[in-house]
Amino acid sequence: MTEETTPPETATGLDLAGPPQEMYKFLRDHMPVMAVEHEMLTGTSVALHDDVMTVLQNPDIFSSDGAAEIGQVRPLIPLEIDPPDHSKYRKLLDPLFAPRRVAELEAGTRALVNDLIDGVIDDGACNFHDRIAEPLPSQVFLTMFGLPIDRTPEFIELKDGIIRPPVRSKDAKAYRDATGQKIYAVLEAAIAEKKAAPQDDFISQFLDAEVDGHRLTEEDVLDIGYLFFLAGLDTVTASLDCMITHLAQHPDDQQRLVDRPADVPAAVEELLRWESPVAGVVRVATRDTELSGCPIKAGDAVSVNLGSANTDERFWADADKVDFDREVNKHIAFGGGVHRCLGSHLARMELRVALEEWHKRVPSYRLEPGLVPEYTMGLRSVDNLRLVWGD
């Protein structure tokens, strides 16, 4: 295994809250397969694109079963279910996020974005994370899922308690486990409510759904709901944070989206590649194997660095250039293989609509003077994303 060395200083010194691309390059060049010991992972980190794809595309060798430790008491469905059972659940869940279903949500999403912009545009400044990036996907998800929007702050606090626990590393697992129990309680109450009075939402649909002729159990619905709760309340927020942070610091890219809104979809794809807000995912080796000549033992946790794979100059032409004209963009910001994110079509729609409407109504903006964006670890959001516009 590669010998550990000291990583270089990044744009913000050794502060891991800074842009990660320089760190990714150092890992690829010096520690492409590396032993790590962290409160989130004790195992092996993988940085090269080809090694990452090997892990993602071989679930028989690199299993998802038991890979995540995020406060759950049973395997999350479908994230921690390996083939062949995995395909049964994807067959049930994929249609919920099919392009046709997502298209039906676009008009409402566009109206919501404009409502949120209405609330800040006359101020000439806002914390974009608090006022736009967090409420937009939260309200879209909670409406679809069947949880009350007026409890959004409570649900976001629970989600953050899993993804970014506000405690020291040694206490994080206990905090996540306790928070997980609160999320289960929220979902159990919602399931009871939907059983008594079904509505047009995901929870009600799950309670009436079947897989291979068998109705989903309440535990199945809980295990699907737990995953949806975390993913639905965070990943689009983190992606919007990262994209607007980049655009606020690159006025030429920003102006292009104002002048040429038809380029927004390509910009979304390129910024997903460059920023990779979900920086990594974890698998567990089912047998002794190797990656780039480094041994991996059965039972080892293997964390694949999606952000590094998406900026690997061994795979990408002009890997370190943000290029909205990139002709082929097979990024893996949504993961890869059988466990590729099932909500990718919804996420793309929300990101596209948000960027279209924001640049239509706020055509020139910048970071608050003196602000240094601080990226959170793991899922890369920017809580202090304070913008200013106008004179």
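The second largest pocket of this predicted model has a volume of about 300 Å³. A pocket is here an open set of points on a 1 Å grid over the protein atoms alone, with protein on both sides within 12 Å along at least five of seven lines, and lining residues have an atom within 4 Å of a point. Grid points are joined across faces, edges and corners, and a volume is the space filled by probe spheres set on the points. Of the 16 residues that line this pocket, Arg-101, Leu-105, Val-140, Thr-143 and Met-144 are the closest to its centre. Two or more lining residues come from each of helix H4 (99-103), H5, H7 and helix H10 (202-207); helices (H or I, at least four residues) and strands (E, at least two) are DSSP runs, numbered from the N terminus. The most is given by H7, with four residues. The lining comprises seven nonpolar, five polar and four charged residues, where Ala, Val, Leu, Ile, Met, Phe, Trp, Tyr, Cys and Pro count as nonpolar, Asp, Glu, Lys and Arg as charged, and the others, Gly among them, as polar.

Residues are numbered from 1 along each chain as its sequence is written. Because the model is predicted, local features need pLDDT of at least 70 and side-chain atom pairs count only at pLDDT 80 or more, while totals for chains, interfaces and linings use all residues, and side-chain values use heavy atoms, with hydrogens and water left out.

The volume of the largest cavity is about 30 Å³. Its lining consists of Phe-145, Leu-187, Ile-191, Ile-203, Phe-206, Val-221 and Gly-225. Six residues of the cavity lining are nonpolar, one is polar and none is charged.

Helix packing was examined next. Two packed helices are described by the angle between their axes and the distance between the axes. Axes are lines fitted to C-alpha atoms, for helices over the stretch in contact, and angles run from 0 to 180 degrees between N-to-C directions. Helix H5 (residues 106-118) packs against helix H7 (residues 135-145) at an angle of about 140°, with the axes 10 Å apart. H5 and H7 are therefore oblique to each other, given that angles under 35 degrees count as roughly parallel, over 145 as roughly antiparallel, 65 to 115 as roughly perpendicular and the rest as oblique. Their crossing is right-handed; a crossing is left-handed if the near helix is turned anticlockwise from the far one by less than a right angle, and right-handed if clockwise. Contact, defined as heavy atoms within 4.5 Å, involves Thr-109, Leu-112, Val-113 and Leu-116 of H5 and Pro-135, Leu-136, Gln-139 and Val-140 of H7. Six of these contact residues are nonpolar, two are polar and none is charged.

Helix H8 (residues 152-163) and H9 pack at about 145°, with their axes 8 Å apart, and the crossing is left-handed. On the H8 side the contact includes Glu-154, Phe-155 and Leu-158, and on the H9 side Tyr-175, Arg-176 and Lys-182 are among the residues involved. The contact of H8 with H9 has seven nonpolar, three polar and three charged residues. The axes of helix H12 (residues 235-249) and helix H13 (residues 251-259) come within 5 Å and cross at roughly 105°; H12 and H13 are therefore roughly perpendicular to each other. Here His-246, Leu-247, Ala-248 and Gln-249 of H12 meet Pro-251, Asp-253, Gln-254 and Leu-257 of H13.

Backbone geometry was also considered. The peptide bond from Ile-77 to Pro-78 is cis, with omega near 0°, and Pro-78 is found in the loop between strand E3 (62-63) and helix H3 (85-93). Pro-83 and Pro-84 are likewise joined by a cis peptide bond, with omega about 5°, and Pro-84 lies in the loop between E3 and H3. Ser-276, although not a glycine, has a positive phi of about 40°.

Definitions and conventions:
On a 1 Å grid over the protein atoms alone, a cavity is a set of points where a 1.4 Å probe fits but cannot get out, and a pocket is an open set with protein on both sides within 12 Å along at least five of seven lines; lining residues have an atom within 4 Å of a point.
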